[in-house]
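Please keep the sequence and the structure open beside it, and find each residue as it is named.

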Amino acid sequence: MLSSYVMSFKTGRFIPAVLVALILAACSGQTPQTPSGTAQIKTGANADYYLQQMQQAGNDSKTDYQLLAIRALINEGRLDQAQQQLGTLPQQLSDVQQHEQLLLSAELAVAQKRPQDAAAITQKMDSSQLTPDQQARYYQVQIAAGQSQPSLDVIRAYIAQEPLLKDQAHQQNIDATWQTLLAMSAQSQTNLVINANENVLQGWLDLQHVYQDNKQDPSLLKAGIKDWQTRYPQNPAAKTLPTQLNQVLNYQPTSTGQIALFLPMSGQAQVFSDAIQQGFNAARNGAAEPPAGPCRRSIPADGAQVAAAAQPQGAVTAATPDTAAAPPQGAVTTAAPDAAANPPLATAPVGSAAGPQIKIYDTSAQPLPALLAQAQQDGATVIVGPLLKNEVEQLYTSQNSLNILALNQPENLQNRPNICYFSLSPEDEARDAANHIFQQHRQQPLLLVPTGSLGDRIVKAFADAWSKAGGGTVLEQRIGSMGDLKQAINSGGIQLTGQPVSTAPAAAAQPQAVTIAGLTIPAPPSDAAVSPSATGGPVDAVYIIATPSELALIKPSIDMRVSSRSQLGLYASSRSYQADAGPDYRLEMEGLEFSDIPLLAGSNPALLQQVSAQFKEDYSLVRLYAMGMDAWTLVNHFSQMRQIPGFQVSGDTGVLTATPDCVINRKLSWLKYQQGQITQIM
């Protein structure tokens, strides 16, 4: 879809798009018009065709062919040739040709990532003098030029463009307008000033308020949208709702009459399954919930509405061997058990008769397809699990139509309308850390991460989230073994430098172009080509992925390199957290911020004390217990997470929201070492 290439919204930032104006024109079904309206000139051809015709044409049509060639060259990513052709246009142009020349110059500036130049060119143009096709492109240039942040000007450009579009392009315009509104910060929305005659804009703003006020209650949101459509019958969104809101009107709650819990109940993964199952059962029975308060209230067994605020994480990934070395992080390492044995299924009902019945299916006992068929035959209404990545991938070959809350996320994720993915992964922490550090106005982060696949995954997740948030280049430095680390420190300490992280796909030797609707869009320059001198200045933030013993070496080494007046921010993941650390360690960590799940961050001290004792201070299992509790919460709100954008619940592993693919994201709790104590960052 167009919108996924035009922009992506995360923490209020537009991702740069290449040739957005031309993509939109192509997707709209509008045939490119010849600049002077000459009917006999063939439209929609490639650049080489127009360049050839330009050489053979007489003076009457030569310039028209040249203008069409320039537009096609921009479409095809041949920007240097487009620039050259623009420079050789005749001095004497008709009014229509002059408008096209300016518009092409603006589109070229967008393609060359010069949004300010594009905006300056459009300011010289009178949109009323343009053809409808040119007007649509003109407004799209304005949208692209304002891509650094969502604003009223961008929304006004979308509104002006909307009547000029048809079919898919029209829906994409409506969806993009809506996403821009959602991406605007609360502060900017508070300070909005609009003109008295901007009725369409006022309608959009009112729709956004209806959504924000009611998004946690599907029935209220449905009623609010219907009422809004009655009050604004002429608004474009009243006639064609944004896709996300149309999903709300079609919302249907999910039955949780009988839950099938798919877990490996024998073999290497049994210990992890036991912790998840205990947390799930405790939440089912209400024993895991803290007293109701302003940030949270208990979740009834019938899946009633949840209040949407809490404190946020830890990292747990099933079947990820490279994350297993550090128990404080709670990473899970599993090997697929031998499925040859075939003991009877464990189908023990859990909890009181008033709530949903739970049956446990041992995924280490039988193949997954057989268990799926058995669960459906047994009358299951929803499945929680499986836990292992390879088993989650097997769901794609199943014809099962039951709703499934998978307890892991496969490498090659597919968007299935009946599947959500919930895992505790290092990538979760890295994305949350990127957003947390960006919100503290840091400019140049350095990642200190382990060598190997774990470090690769963390670097990629952090860099992607940092880019989406609006940040520039990220630097990385790898940490070897403890021996290597000691040698590096003895040889001069931790250097606050690193290699720029490339966000390009690893398999691509060169950036690859993208073809959409027949248009080839050139890829942006690879970050790998950026030198450290071209980054955002000196390192002002360091995100450390290390064990407590490694951090005990790294933190003092960094402290020795910076003055007490330095504004350097130090951040760590839950991998470094040592809950039973003594006062000397806490003092040594002074100023360091780290993330963890709300349960371990103190959201429910009584429960934490109970569970920690239960698992003998094994915080890996405590995190999995919290995952089990949140799995209960999520399965009782499966429809809301799957169908209502922006819906969130407060969990013990974080504040939980869902992506369009229904991957559950978690906003974590952040804490800080201060004067020998651990304080929570609000």
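This is a predicted model: local features need pLDDT of at least 70, side-chain atom pairs count only at pLDDT 80 or more; totals for chains, interfaces and linings use all residues.

1. Which residues of α22 are buried? They are Pro548, Glu550, Leu551, Ile554, Lys555, Ser557 and Ile558. Strand β12 returns in point 8, where tyrosine 571 is placed in it.

2. A cis peptide bond. The bond that joins glycine 385 to proline 386 is cis, and its omega is near 0°. Proline 386 belongs to the loop between β3 (382-384) and α18 (389-394).

3. Positive phi values. Lysine 113 is not a glycine, yet its phi is positive, at about 60°. The residue sits in the loop between α6 (95-111) and α7 (115-123). Its relative accessibility is 42%, so lysine 113 counts as partly exposed. Glutamate 617, also a residue other than glycine, has a positive phi near 65°. Glutamate 617 is located in the loop between α25 (605-614) and α26 (619-635), and it is partly exposed because its relative accessibility is 46%.

4. Side chains of opposite charge can pair when their charged atoms come close. In the whole structure, 19 salt bridges are found. One of them links aspartate 227 with arginine 231, whose closest N and O atoms are 3.0 Å apart. Why are these two separated by about one helical turn? The reason is that they stand four residues apart in helix α13 (residues 218-231). Aspartate 227 has a relative accessible area of 41% and is partly exposed; arginine 231, at 42%, is partly exposed as well.

5. A further bridge within a helix. Aspartate 428 and arginine 431 also meet in a salt bridge, at 3.0 Å from N to O. They are three residues apart in helix α19 (residues 426-439), so about one helical turn lies between them.

6. A bridge between two elements. Arginine 623 forms a salt bridge with aspartate 596, and their closest N and O atoms are 2.8 Å apart. Because arginine 623 lies in helix α26 and aspartate 596 in strand β13 (residues 593-596), the pair ties together parts that are 27 residues apart in sequence. Arginine 623 is buried, with a relative accessible area of 0%, and aspartate 596 is likewise buried at 0%. Elsewhere, salt bridges that share partners join Arg71, Glu100, Glu107, Asp133 and Arg137 into one network.

7. Aromatic pairs. A search of the whole structure gives 15 aromatic pairs. In one of them, the ring centres of tyrosine 571 and tryptophan 670 are 6.3 Å apart and the ring planes stand at 80°; the pair is edge-to-face because this angle is over 60 degrees. Tyrosine 571 lies in strand β12 and tryptophan 670 in strand β17 (residues 669-674), so this pair ties together parts that are 99 residues apart in sequence. Tyrosine 571 is buried at 1% relative accessibility, and tryptophan 670 is buried at 3%.

8. Phenylalanine 615 and tyrosine 625 form an edge-to-face pair, with 6.0 Å from centre to centre and 70° between the planes. Phenylalanine 615 lies in the loop between α25 and α26 and tyrosine 625 in helix α26, so the pair ties together parts that are ten residues apart in sequence. Phenylalanine 615 is buried at 11% relative accessibility, and tyrosine 625 is buried at 3%. Finally, Phe438, Phe462, Trp466 and Tyr543 form one aromatic cluster.

Key:
Residues are numbered from 1 along each chain as its sequence is written. Side-chain values use heavy atoms; hydrogens and water are left out. Buried means under 20% relative accessible area, exposed over 50%, partly exposed in between (1.4 Å probe, protein chains only). A salt bridge is a side-chain nitrogen of Lys or Arg within 4 Å of a carboxyl oxygen of Asp or Glu. Rings of Phe, Tyr and Trp (its six-membered ring) pair if their centres lie within 6.5 Å; planes under 30 degrees apart count as stacked, over 60 as edge-to-face and the rest as tilted.
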